[in-house]
Amino acid sequence: MAQRARGVMIVTLAGLLLSCQPAGRTATTKPAPATLPNTPMTMESAKAASERAERERVPLPAAWKLSSEGSTVVAPDAMVASNSALASQAGVEVLRAGGNAVDAAVAVGFALAVTLPEAGNLGGGGYMIIRLSDGRSFALDYREVAPLAASRDMFLDSQGNVTDKSQVGHLASGVPGSVAGLTAALARYGTMPLAKVMAPAIRLADSGFTVDSALARSIAGNASRISPFAGAALFLPGGHPLTVGAMFRQPALATTLRSIAATGATAFYSGAIADAIAAEMERGGGIITKTDLARYAPAWHAPLAGTFRGYTLLAMPPSSSGGISVLETLNILEHFPASPAGSAMSYHLLAEAFRRAFVDRNTKLGDPAFVQVPVSQLTSKEYARQQASSIDVNRASSTGAFRQATGEGVNTTHYSVVDDHGNAVATTTTLNDLYGSGVYVADAGIFLNDEMDDFAARPGQPNMYGLVQGEQNAIAPGKRMLSAMSPTIVLDPKGDLLLVIGSRGGPRIITSVAQVILNVIDHHMSYGQAMSEPRIHHQAWPDVLHYEPNGLSAATVDSLRAMGHRIEVAPYESGGFIGRVILVGRVADGWEGVVDPRTSGGAAGY
Ligand code: DON
């Protein structure tokens, strides 16, 4: 339940919050004006267009049930939002003790490893965008890397077919980056000792916490992934998933956390924890060695900076595709006036922009330490102008067969933090699949990722997210697998902090983050509305426009089909929902934390 009173505010979503929209709304599709995409919309013309679009908003389909009303929290000074209310509280505890947003983000990251075992992690990796109140900004890449013994065709059988070994079991893991990333962020921009920011996580692992319905459902729903490996004893005691109300203690994880708190990342990368990981690998036929762990290093970059209708976006550079793809999409859409939210035209233009951004993503992007990545070209306004001019406002284009340029379930987690000085951190982290590869290092109390599946195991063949990717993202030792994670910070036209946002959802991260930002900037929606709007997804290959069940009216679907789109309800896993966004946004009376009504979690602030 949401609270808007001052003081510490927490919202817990035990599962999906559904509430009915007013009945009797009829869905109509209004024709939007066909505008030639020659020049980007200036702020003035964009403002007039978006005001018109706001007036002409197409009513939501009557059967659309999502509402964010229950999942937003407002507080005057500081805010933390994540997929775990306990982890958000850990962040607030550190903020209240005088920590800054980086201290709090690191506290949340370690707490999520305890309270959100499906995705929070020490055995995975992630990305962080930091913007300090003095205007400086930084991007931290702590993505996993392929082990040194990895090879291009390691997931192909003797016939050259892709096996499931990139998704389940010991070979599926990249060398984890999370501990190196979190400790690096703290060392550079935090203010507190590691032991202090890790204290809430250690307490949660040691003393335990009560299993809520979201955790119980998650464990039960993924029992088949957990049960073949050593995590079964803890998560499926006696063969049965933990149930709501049980006290959940993780003593091995508490020991691991304590040893990291005492000696830093070296405890994980070369001490007893490294020994435990290497031993588990050897036992299960994996290839991560102590050498792999010892040589892991996170990478600092400047964030990509782009603009959209006068707003500035600070986004993640490669090895994530997220920043380039979100910026390319928005740059293309800047050439069109905002169409009414919910209109066939708005979805058409979105789909065409996504299509173009994903063609580039899937063929041209990879780890820049290994392949040339045309970052400045793909994010340039001139390139977007060319891309926009190839869009027919009346007809869908076709992606065509996968062509190699010369030259992504629901298992990730994002969190956003803003402190009372206006420092901000956007972090997305993942094990890839829920509970990663399923492999659990019992002595260390951690799940390992199955991030190797984010490589193109066989260029041109789809991975678990149906992403068809090319040579740029082929496997090589020490290489980072391409990601779609898109932690993003948005500044308003005055340059002031507005939005700290990100999502889970594999390739749908890119399309979900872009749509929520568009809903805020182009459609003037409140953050809650922007989050609960129906979403679409297009990733070029397969050439299909997916939409959420009941999200588009029959008339809108017909219009899009008549334009030539192959349009289908999104695959039903995870309820057919597209993305799970978390955001903190500025409001008149402080900061609003919003958890996507498609998922569980909580925001807390003061
Ligand atoms: O890095 C990526 O793009 C994927 N490993 C993210 C996976 C993900 O978001 C799964 N959860 N929804």
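**Ligand shell**

The model is predicted, with local features needing pLDDT of at least 70 and side-chain atom pairs counting only at pLDDT 80 or more, while totals for chains, interfaces and linings use all residues. Residues are numbered from 1 along each chain as its sequence is written, and side-chain values use heavy atoms, with hydrogens and water left out.

T412 places a polar side-chain atom 2.4 Å from an oxygen atom of the ligand. R143 has a polar side-chain atom 2.9 Å from a ligand oxygen atom. At G505 a polar backbone atom is 2.7 Å from a nitrogen atom of the ligand. The ligand taken alone exposes 340 Å², and the protein buries 100% of that. Accessible areas come from the Shrake-Rupley method with a 1.4 Å probe, and for residues only the protein chains shown count as cover.

**Whole chain**

I recorded 19 helices and 22 strands in the chain. These are DSSP runs (helices: H or I, at least four residues; strands: E, at least two), numbered from the N terminus. Of the 606 residues, 64% count as buried, meaning under 20% relative accessible area, with exposed over 50% and partly exposed in between (1.4 Å probe, protein chains only). The chain exposes about 19800 Å², of which carbon and sulfur atoms supply 54%.

**Strand β4**

I checked β4 (residues 125–131) and found seven of its seven residues buried, so the strand is largely enclosed by the rest of the structure. G125, Y127, I129 and R131 are buried on one side, and G126, M128 and I130 on the other.

Two strands pair if DSSP finds at least two bridges between them. β4 pairs antiparallel with β12 (residues 424–430) over seven bridges, and R131 stands opposite A424 there. Six bridges join β4 to β5 (residues 137–142), also antiparallel; M128 has L140 as its bridge partner in β5. The hairpin of β4 and β5 has five residues between the strands, and G135 takes a positive phi near 100° in it.

**Sheet β17-β18-β19**

I listed this as an open sheet of three strands with mixed pairing, in the order β17-β18-β19. β17 (536–537) and β19 (567–569) stand at the edges with a single partner strand each, so one side of each has no neighbour in the sheet. β17 and β18 (residues 545–547) run antiparallel and are joined by two bridges; I536 has Y547 as its bridge partner in β18.

**Two helix residues**

Is S218 buried or exposed? S218 counts as buried because its relative accessibility is 9%. S218 belongs to helix α6 (residues 213–221). Apart from neighbours within four places in sequence, S218 is in contact (heavy atoms within 4.5 Å) with E118 and Y435.

N362 lies in helix α14 (residues 344–364) and is buried at 2% relative accessibility. Leaving out residues up to four places away in sequence, N362 touches F402, L467, V468, Q469, G470, Q539 and W541. I also noted S321, 41 residues from N362 in sequence and 8.9 Å away in space, C-alpha to C-alpha.

Methods: Polar contact = N/O pair within 3.5 Å; in protein donor to acceptor, adjacent residues only side chain to side chain.
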